[in-house]
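Reader: I would like to go through some of the labels used for this structure. For each one, please set the value against the rule.

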Amino acid sequence: MAEIGAENWALFASIVATCKLNDVNPAAYLAETLQVIIEGHPNSRIGDLMPWRFRKASSRHQ
């Protein structure tokens, strides 16, 4: 069980670090990305949800 927790923490830390490297607010990125996934974003377009594309995608929604 501890290994799964460590893997999940590493994944989360990686997402946060990637957001920071791309000057993206990690909390805003996670909230919007999870919402888009819940709303049925197609798996074939997963690349659209990467942190380095977040600013461009979020600016279109406003």
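Author: What follows is a set of questions and answers on a predicted model.

Reader: What makes the contact between Arg45 and Asp48 a salt bridge?

Author: The rule asks for a side-chain nitrogen of Lys or Arg within 4 Å of a carboxyl oxygen of Asp or Glu. For the side chains of Arg45 and Asp48 the N to O distance is 2.6 Å, so the pair meets the rule.

Reader: How do you know that Asp48 and Arg53 also form a salt bridge?

Author: Their side chains are 3.1 Å apart, N to O, and the cut-off is 4 Å, so this pair counts too. Salt bridges with shared partners join Arg45, Asp48 and Arg53 into one network. The search of the whole structure finds 2 salt bridges.

Reader: Why is Arg45 called partly exposed?

Author: Buried means under 20% relative accessible area and exposed means over 50%, with partly exposed in between. Arg45 has 45%, so partly exposed is the label. Asp48, at 22%, is partly exposed as well, and so is Arg53, at 38%.

Reader: Why does His41 count as buried?

Author: The relative accessibility of His41 is 17%, and buried means under 20%, so the label follows. His41 is found in the loop between helix 2 (26-38) and helix 3 (51-61). Leaving out residues up to four places away in sequence, His41 touches Val36, Ile46, Asp48 and Leu49.

Reader: What lies 2.8 Å from a polar atom of the His41 side chain?

Author: The backbone oxygen of Arg45 does.

Reader: How many aromatic pairs does the rule give?

Author: The count is 2. In one of them, the ring centres of Trp9 and Phe12 are 5.6 Å apart and the planes stand at 40°.

Reader: Why is the pair of Trp9 and Phe12 called tilted?

Author: Centres must lie within 6.5 Å, and planes under 30 degrees apart are stacked, over 60 edge-to-face, and the rest tilted. An angle of 40° is neither stacked nor edge-to-face, so the pair is tilted. Both residues lie in helix 1 (residues 2-21), 3 residues apart, about one turn of the helix. Trp9 is exposed, at 58%, while Phe12 is partly exposed, at 37%.

Reader: What makes the pair of Tyr29 and Phe54 edge-to-face?

Author: Their ring centres are 5.5 Å apart and their planes are at 80°, so the pair is edge-to-face. Tyr29 lies in helix 2 and Phe54 in helix 3, so the pair ties together parts 25 residues apart in sequence. Both Tyr29 and Phe54 are buried.

Methods:
Residues are numbered from 1 along each chain as its sequence is written. This is a predicted model: local features need pLDDT of at least 70, side-chain atom pairs count only at pLDDT 80 or more; totals for chains, interfaces and linings use all residues. Side-chain values use heavy atoms; hydrogens and water are left out. Buried means under 20% relative accessible area, exposed over 50%, partly exposed in between (1.4 Å probe, protein chains only). Helices (H or I, at least four residues) and strands (E, at least two) are DSSP runs, numbered from the N terminus. A polar contact is a pair of N or O atoms within 3.5 Å; within protein, one must be able to donate a hydrogen and the other to accept it, and residues adjacent in sequence count only if both atoms are side-chain atoms. Contact means heavy atoms within 4.5 Å. Rings of Phe, Tyr and Trp (its six-membered ring) pair if their centres lie within 6.5 Å; planes under 30 degrees apart count as stacked, over 60 as edge-to-face and the rest as tilted.
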